[in-house]
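Okay, thanks for coming, everyone. Let me put the model up and we'll walk through a few pieces of it.

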Amino acid sequence: MSESTKEITEGGLTFPDLPGQFGAGVDSPDDQLSNGVATTLRVALGSMTDKPLVSLSDVRKTYRLGETEVQALRGVNLRVLPGEFTAIVGASGSGKSTLLNIIGCIDIPDSGNVEFEGRSTLGLSEDEKSHLRNRSMGFVFQSFNLVPVLTVSENIELPLLLQKELSPTQRAERVLSAMSDVGLQDYAKQWPDKLSGGQRQRVAIARALVTSPRLVIADEPTANLDSATAHRIVDLLAELNASRNVTFLFSTHDEKLMGRVKRIIRIQDGAFET
Amino acid sequence: MRDSTQRWSFALRNLIRHARRNLISGAAIAFGFTGLALMGAYLVRTDAYLAVVSVYLNQAGHVSIYKKDGLQKYLTYPGKYTLSPQDQLRLGHLLREFPEVEFTAGFLIGQGLLSTGCRDVPFLAKGIDDKKGLRIREHSLVKKWTPGLIAPPYDKSLGIYPNIGDGISITGQISQMMGKPKIWDDAPKAVSPVVTDCSDKAAKAKLAETADVQMVAKAFNGDFSAADAFIVAHHSTGLAFSEETSIFTNLSHLQKLFQTQDITYLAVFLKPDTSTSAFLDRFKQKLDAEVGGYDVYPFYNEKISPFYAGVMEFLTTMASFFFVLVLTTIIITIVSFLTVGFMERRREMGTLRSIGYTPRMIAGDFFRESTLLILLSTIGGTLICSLVVVIVNSLQIQFSPPGIANTMPFMLTLTPKLCFSVAALVGAIGLSSAWLKLRKLTGEPIVDLLRG
Amino acid sequence: MFRIIAMLVICLPGQAKAADSTPEDLLKISDRSRGGLASTVTWQVEIESSEKDTKSNRGFEITAKGIDALAKATSPSRNKGEVFLFNDRSLWFYKPGLRKPVGISSRQRLTGETSNGDIATTNYSRDYTPTALPDDKVGEEQCHVLDLKSKNPSTTYDRIQYWISKKTKLAIKAQFQTPEGKALKNAFFKYGNTIQFEGKKLPFVSEMEIQDALMAQNKSVLKYQAPKTTQAAASVFNVNSLMR
């Protein structure tokens with residue numbers, strides 16, 4: 001049983017302290033639903049909890065570029081609840097990718113605390129972080145980042161190969177299911193270089209979802225796609241968020257994609273906008 | 001954990017991904033392997049040739065037993081530093097306890113002059129029992145490694161003339177120096193007349209017609225001694241420095257000339273594939289414990305076979321230098337292969353890390369690729385090597401290395417053991433350097449990897 | 001007066017030379033007492049050799065005439081039947097069992113410090129070119145000293161320094177040398193025997209002691225006994241007769 005599941009069954013339901021809790025400039029999901037409906041939905045869904053999935057407290061990160069120091073994050077605070085479909089919007093160099101990397105345990109902040117499912121990720125070893133990413137997170141990248149020598153199904157299967165409790169049959173079933181979710185069930189034996197940009201990104205999304213993660217982090221997933229395809233990808237992400245209740249955190253600088261997003265976090269020069 | 005077949009399949013696909021570039025890396029390793037294996041093949045051949053020459057054709061045996069200090073002093077004080085019949089009995093008894101001994105043979109060595117009546121040539125004679133001498137010449141290893149030294153004109157030996165008690169075998173060079181080109185089979189079975197005037201050309205010409213000579217020496221008791229002899233065979237020692245003086249005689253014939261029953265040393269011939277050093281250690285222990293007063297030498301001792309020891313030491317040194325050069329090239333090739341491959345796939349590595357792969361797992365992927373590259377390269381190298389060896393050996397190139405009498409065929413001996421040893425060495429060095437490089441490469445932060 | 005003095009000055013050294021023999025003459029005289037006589041002579045010789053702590057003995061019966069000599073081994077018994085023949089400048093060895101005599105060198109070692117050529121007659125006047133050296137003493141004996149250089153390669157020694165007593169005209173010391181003059185062996189002679197030759201009693205060698213030049217303790221002593229003149233057919237010195 002995963003740690004997150006334990007917390008859900010053992011912990012009680014708590015309501016978030018909504019006003020001001022997420023920091024200035026952040027739209028609360030409860031602005032969109034009444035409290036009662038939200039509570040009912042949470043109880044009905046069962047796996048949702050008021051405990052944040054991700055929690056950042058006063059996180060700072062500075063990069064050194066030659067002789068110059070760049071403050072990528074300047075004391076950000078953030079809470080992401082389970083089931084959110086959140087976009088992090090900002091110009092290039094605003095700190096979006098740094099924020100996502102820190103949430104995804106790919107990078108380490110200089111100071112502050114980062115918690116995933118109530119547990120700090122800063123004290124984890126590299127192997128523990130790898131395990132956490134494999135079991136609880138999925139990643140979608142701007143350049144798709146598919147392995148060119150693996151077929152579509154083999155690319156999607158990659159994260160599952162680390163889960164030794166799964167039999168080959170179980171892996172195959174999950175891969176098929178993931179391919180169906182993204183509409184690529186007929187492309188199992190195709191090579192990535194034979195696919196369009198949109199198809200490749202679907203493969204990447206399927207790969208991110210195949211392990212049934214709690215959180216999917218997508219860093220500029222539509223940046224290399226034309227606008228029509230970009231919209232379709234965002235729609236897909238939204239559908240998956242709704243149907244599978246996976247929390248999505250993605251970064252973009254394209255305002256036109258905000259239509260399906262439930263929550264928008266604006267960031268500029270390493271800080272959230274007020 | 002990932003299925004083993006999938007991991008290797010992944011490695012092979014990545015190898016094929018940049019086929020042209022990896023082919024060049026593979027070719028570099030393959031040719032490096034070929035160079036090492038061919039060097040090894042030459043060493044194997046030379047070692048076997050010289051070892052057979054030392055052990056069998058120069059009758060050192062795998063191990064030779066002398067009276068204490070006898071090796072240094074037997075020529076100066078022959079009566080004192082030789083093995084008496086009692087010594088021979090004692091040693092024979094002891095050697096029966098060692099099953100790896102194929103056979104033993106006693107040899108008497110003495111020096112003197114070979115005379116035609118008009119020309120004298122110094123000799124260093126070895127007296128051997130006819131049957132043992134024949135057994136040595138017909139040994140499977142002699143036929144395998146030095147067939148040219150028992151082929152015509154060296155195909156006759158004392159052992160095939162058992163009825164001629166005073167038959168001797170001389171080298172082609174002595175035959176020339178003495179002006180005695182004929183052997184028993186080709187010459188009239190008569191003794192040439194006494195020539196009192198060596199300036200008489202007709203008389204001298206008669207000397208060349210017959211195969212008889214006379215041996216003159218100082219007996220072990222100090223007396224002046226002489227004996228008749230018939231040249232029944234020509235032989236080659238295989239070594240230039242001994243071609244001018246080497247003669248073989250029947251043991252009893254030589255013992256008669258030197259007026260002794262002794263032998264100079266007892267040669268022990270071991271069964272093929274027996275370790276000489278292992279036998280030597282055990283035998284020396286037993287010998288010193290039960291019967292003291294003897295020195296025992298392996299054939300590769302520089303006092304017994306100076307040419308063998310010197311040549312092999314030289315070749316081994318040269319080969320080691322060559323090995324280091326080639327292995328360095330292989331290391332550079334592997335490291336370059338890994339570095340370029342890793343640089344190209346940084347983002348891929350970052351992606352794998354982000355979905356849960358540890359640096360160790362990623363290093364394992366590259367390690368498998370290196371392993372496949374080395375494996376395929378060594379297989380390719382083995383094929384190239386085999387082809388080269390077949391071509392070289394079929395050309396039957398004759399050459400005269402320094403110190404070798406006449407010419408010898410330039411041949412290479414490639415054995416499975418040699419190929420495997422070289423492959424293991426290349427593999428060990430290549431994979432060690434791969435692992436060291438990978439530890440450095442895969443330790444990079446994921447963020448940096450994802451940036452490409 | 002002056003002419004007389006001048007003649008004396010001119011003649012005296014010549015007269016002194018006429019009184020002393022030439023080096024060639026000295027050699028001829030000394031050869032006679034070491035066996036180099038025109039008629040056939042026989043004698044026995046016993047050789048005692050010692051080297052470090054090893055001793056050995058050999059005995060020979062020598063028959064010589066002029067430059068030829070035949071040495072038959074008489075002792076020890078294992079050597080009986082062995083024969084050395086010195087014929088002109090050739091040396092032959094024969095023993096029963098050999099199909100023919102074998103040509104050997106006079107320089108080869110016979111036994112101890114004795115070379116093959118040492119047991120034969122001495123014909124230094126034939127084989128060597130003498131040159132007079134300054135006189136020297138051997139013990140109390142005043143000696144002519146000759147430097148003898150070999151005329152041919154078959155001689156026993158390349159070079160000999162020879163001390164011939166002024167008084168007796170007999171050689172009392174010899175140093176056998178390399179062509180460069182490096183000493184190999186030293187020999188000392190005694191003349192206790194006599195022999196009748198052409199109506200005269202001639203002194204004859206009784207002992208020759210040969211020592212290694214570097215290690216004098218290694219030596220051979222040749223003791224000569226019963227020298228006498230006799231008759232022998234010329235065929236005795238023929239190599240082909242050895243096999244009969």
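So, chain B has 15 helices and 11 strands; those are DSSP runs numbered from the N terminus, H or I of at least four residues for helices, E of at least two for strands. Its radius of gyration is 31 Å, well over the 22 Å the globule rule gives for 452 residues, so chain B is more spread out than a compact globule. That's taken over C-alpha atoms, and the rule is 2.2 Å times the number of residues to the power 0.38. The C-alpha trace of chain B spans about 105 × 55 × 30 Å along its principal axes.

Quick housekeeping: this is a predicted model, where local features need pLDDT of at least 70, side-chain atom pairs count only at pLDDT 80 or more, and totals for chains, interfaces and linings use all residues. Residues are numbered from 1 along each chain as its sequence is written, with chains lettered from A and ligands numbered from 1 in the order they're written.

Now over to chain C. In strand S11 (residues 159–165) of chain C, five of the seven residues are buried, meaning 20 or more other C-beta atoms, placed from the backbone, lie within 10 Å of a residue's own. S11(C) runs antiparallel to strand S10 (residues 141–150) of chain C, with seven bridges; pairing takes at least two DSSP bridges. Here His144(C) has Ile164(C) as its bridge partner. Six bridges join S11(C) to strand S12 (residues 171–177) of chain C, also antiparallel, and Ile160(C) stands opposite Phe176(C).

Terms used: A residue is buried if 20 or more other C-beta atoms lie within 10 Å of its own, exposed if 12 or fewer, and partly exposed in between; C-beta atoms are placed from the backbone.
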